[in-house]
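Dear colleague,

My notes on its aromatic contacts and on one helix follow.

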Amino acid sequence: MAEAAPASPWWARRMTAAFGAPFLWLVCLIYFIQGFRSFVWTAVSYQMKDIMKLSPSTSQFLVSAAFFPWSIKPIYGIVSDCIPIKQRKRVPYLIISSGLSLFPWLIIGLSEHLRSSSNLFTLMLIVQNLGSAMADVVIDAMIAEAVRSAGSEFAGDLQSLSWSSMAVGGIFGSLLGGYALSNLPINAIYIIFSALPLFQLVTCVFVKESSKGFDSTIDNAAHDHADDQNIDSAFAGQGSGESFKYVSTRRRKGARKKNKRRTLSKRSEGHEKHNKSVNLYSSLKSAFISLCTAFKQPAILRPMAWFFISNSAVPNISTVMFYYQTEVLHLEASFLGTARVIGWFSLMLGTYIYNRYLKHKKLRNILMFAHLGLAIITVLDILLVSRLHIQYGIADKYMVLWGSALADAINQFKMMPFLILSGQLCPPGIEGTLFALFMSINNLSSTLGSFLGAALTSALNISSVQFDNLALGLTVQLMGTLLPIGFLFLIPRDVTGLTS
């Protein structure tokens, strides 16, 4: 991630001149909404706990299933690359994704029956995440294409703009989410949030995109219009039997020629559709083969294997901790929202520290210390659950705040190298799709870690009123956090956090 771009009028004018105000607005809006999702997902957590009365393990399982669409992002990239809609490559998919993000929240907000059914509720969450993941892939592809057209010197600026928008969205979403839960009915939160995908859908209409074949369509329309004018002028010459016979003869000949032309046109359209189908199949096949070939290279496979292990081997029991914080510690929604705000600021601080001090260090060392730091955070959670901090006069709120702040900052020390290394490993020609695959590996491994956490919670008989074995579950999580350190040999020895 590039360092923050200068917030000056000159920079804004330069970006607007290069990309256009509608495109920049669309980028900011989509990433802002991605961050602002914390506003509504806090309500989802309380919905499952307080209204559906689900156990921690069931909630963890359903949330993990709901986020599965983020694990198949390359499919969206390949489809948007190879299957243009009405000669427009990206914007129609943004419109589709906006609709998929909009209607589930609106339906959830309006239907009390759906809010009480865990299966239907989860289905709506899956559809909503499908829309969000698709929008994420498409806007990333549009950014890559825009940078390719405007020049690589804008890459850092667009990246800073997108990540800053997401951070601002996350901060506002976390602040307002806690307040909304304390002052609004939960269905109103879903309806209010649905306004943002609706606004995104309307914004897509104003983004211009080059369309192949547009000129030929105009030419064909002009040709048909000229034919109609010729026929009309022929009819205008009717005044005697001679002229009428002459005009009728011309009309019959013209009709035969036009019918012949239409027959040839239909045949050519049939051939064109067949060729498009063949080209589409070839494009999809070629993209899939290139993706598999690139991914099987040891230089790509080994680092990605480590990142996969580092997430999937750690049982994620964050939902259980949410139940514990609200049911046992009795922490309010507004406070948990404040903790998330601190987490977002810590994420930005972690990014600054990484860019300023760590990016020239050996990648193995960065990742090792990141996992050691995450292990320390787990120890703090064990102390919180064991109530050992009470004897030192440390309040529960401070333990939660420190844990949230440190966890987000340290996670960024791990995420930043992943993003940089992923960008370096992508070969020319399939950068977008392969990068989406790398991100999907990260998302899929995190999902598997969440499923593992749900299984662990169920095995330890942890419920919304029974947390006796939570400290044991956190100890297992601690062991899983340390396990990936033993697999750091998969990371190339001399690679740094900046370049290989």
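In these notes a residue is called buried under 20% relative accessible area, exposed over 50%, and partly exposed in between (1.4 Å probe, protein chains only). By that rule F36 and F39 are both buried. This is a predicted model, in which local features need pLDDT of at least 70 and side-chain atom pairs count only at pLDDT 80 or more, while totals for chains, interfaces and linings use all residues. Residues are numbered from 1 along each chain as its sequence is written, and side-chain values use heavy atoms, with hydrogens and water left out.

Rings of Phe, Tyr and Trp (its six-membered ring) pair if their centres lie within 6.5 Å; planes under 30 degrees apart are stacked, over 60 edge-to-face, and the rest tilted. The count comes to 15 aromatic pairs. One of them is the stacked pair F32 and F36, at 5.6 Å centre to centre and 20 degrees between the planes. These two residues are four apart in helix α2 (residues 21-36), and therefore separated by about one helical turn; helices are DSSP runs of H or I, at least four residues, numbered from the N terminus. F36 has 9% relative accessibility and is buried, whereas F32, at 23%, is partly exposed. F36 is also stacked with F39, with centres 5.1 Å apart and planes at 20 degrees. F32, F36 and F39 belong to one aromatic cluster, together with W41, F67, W105, F121, Y190 and F193.

Helix α14 (residues 318-327) is mostly covered, with eight of its 10 residues buried, among them F322, Y323 and Y324.

Yours sincerely
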